[in-house]
Amino acid sequence: HRFELIPLLAVRPRDVMRGLLEYQPHVLHFAGHGSPTEGIVLEDDSGNTKLVSADALAQLFAVIKDNLRVVLLNACFVGQQAEGISKVIDFTIGMQKTIGDKAAIVFSSSFYEALAYGRSVKEAFDYGVTGLTMEGIPESKTPTLMERAGVNGALVRLAAPTAKAPRIKLPKAPELPRGDQHGNVIITDSRFDVEGDPTI
């Protein structure tokens, strides 16, 4: 309930451009495939593979980024290419090498969970990496966080911190049953009033 998720499926380059214009997102998450040298994989008008370079994305973001603060490229081999994007976007997350589906899901879900609870971008990134470690997934070195010059991810939050849950005042426990002079246990029926004081 802290974020609105807007899925765009089987996107073409123009769909990405239009999505930025229409929704003005704070986070752009790409889930798909990537090439070590040619960028991310989108589709063309015929549904065939269309490679879009990180330089082209960086140029797009430089022209129109509006509210965009974070770009997460959850695709293989886009870590180095993401450097160009990090020159125009505050925070860019890329993958240094191939990443498995389970690792991608665990990292992303943990990252967004921490953001939603008001953690900083840096804390959320570290929380995502920790999620991989906690699950025993040996890919904790794959995600990388790049910050635009002059921006500190430890100080930036995309959601206000959530209030701590109120402490619940438990009623006082009744006294334990006591034995009579013959050592028998006397059972009493205890009730509690609204203030938590036992009444017999």
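Arg18 forms a salt bridge with Asp15, and their closest N and O atoms are 3.7 Å apart. Both residues lie in helix α1. Three residues separate them, about one turn of the helix. Keep in mind that this is a predicted model.

How exposed are the two partners? Arg18 has a relative accessible area of 42%, so Arg18 is partly exposed. Asp15 is buried, because its relative accessible area is 17% and the cut-off for buried is under 20%.

Now step back to the whole chain. The protein chain has five helices and nine strands. Read from the N terminus, the elements run α-β-β-β-β-α-β-α-β-α-α-β-β-β. The chain has 200 residues, and buried residues make up 37% of them.

Return to the salt bridges. How many salt bridges does a search of the whole structure find? The search finds seven. One of them joins the side chains of Arg12 and Asp45, at 3.2 Å from N to O. Arg12 lies in the segment before α1, and Asp45 lies in the loop between β3 and β4 (49-52). These two places are 33 residues apart in sequence, so the pair ties together separate parts of the chain. Arg12 is partly exposed, with a relative accessible area of 31%. Asp45 is exposed, with a relative accessible area of 70%.

Another salt bridge brings together the side chains of Arg148 and Asp90, at 2.7 Å from N to O. This pair links distant parts of the chain. Arg148 sits in the loop between β7 and β8. Asp90 sits in the loop between α3 (82-85) and β6 (91-95). The two residues are 58 residues apart. Arg148 counts as partly exposed, at 27% relative accessibility. Asp90 is buried, because its relative accessible area is 7% and buried means under 20%. Some bridges also share partners: Arg12, Asp15, Arg18 and Asp45 are joined into one network this way.

Gly150 is in the loop between β7 (143-147) and β8 (191-192). Gly150 has a relative accessible area of 88%, so Gly150 is exposed.

Next comes empty space. Rolling a probe the size of a water molecule over the atoms shows where empty space is left. Here the largest pocket holds about 1,300 Å³ of space. It is lined by 39 residues. Of these, the closest to its centre are Ile6, Pro7, Val27, Leu28 and His29. Which elements give two or more residues to the lining? They are the helices α1 (13-23), α2 (54-63) and α4 (101-116), with the strands β1 (27-31), β3 (39-43) and β5 (70-74). Sorted by class, the lining has 26 nonpolar, ten polar and three charged residues.

Together with Leu8 and Tyr23, Ile6 makes a nonpolar surface patch of about 250 Å². Tyr23 belongs to helix α1. At 35% relative accessibility, Tyr23 counts as partly exposed. A residue needs over 30% relative accessible area to be part of a patch.

Finally, look at the backbone. Ala10 has a positive phi of about 50 degrees, although Ala10 is not a glycine. Ala10 is found in the segment before α1. Asp66 also has a positive phi, near 50 degrees, and is a residue other than glycine. Where is Asp66 found? Asp66 is in the loop between α2 and β5. With 44% relative accessibility, Asp66 counts as partly exposed.

Note on methods. Residues are numbered from 1 along each chain as its sequence is written. This is a predicted model: local features need pLDDT of at least 70, side-chain atom pairs count only at pLDDT 80 or more; totals for chains, interfaces and linings use all residues. Side-chain values use heavy atoms; hydrogens and water are left out. On a 1 Å grid over the protein atoms alone, a cavity is a set of points where a 1.4 Å probe fits but cannot get out, and a pocket is an open set with protein on both sides within 12 Å along at least five of seven lines; lining residues have an atom within 4 Å of a point. Grid points are joined across faces, edges and corners, and a volume is the space filled by probe spheres set on the points. Helices (H or I, at least four residues) and strands (E, at least two) are DSSP runs, numbered from the N terminus. Ala, Val, Leu, Ile, Met, Phe, Trp, Tyr, Cys and Pro count as nonpolar, Asp, Glu, Lys and Arg as charged, and the others, Gly among them, as polar. Buried means under 20% relative accessible area, exposed over 50%, partly exposed in between (1.4 Å probe, protein chains only). Patches are made of residues with over 30% relative accessible area and no salt bridge: like charges are joined within 9 Å, nonpolar side chains (Val, Leu, Ile, Met, Phe, Trp, Tyr) within 5 Å. Accessible areas come from the Shrake-Rupley method with a 1.4 Å probe; for residues, only the protein chains shown count as cover. A salt bridge is a side-chain nitrogen of Lys or Arg within 4 Å of a carboxyl oxygen of Asp or Glu.
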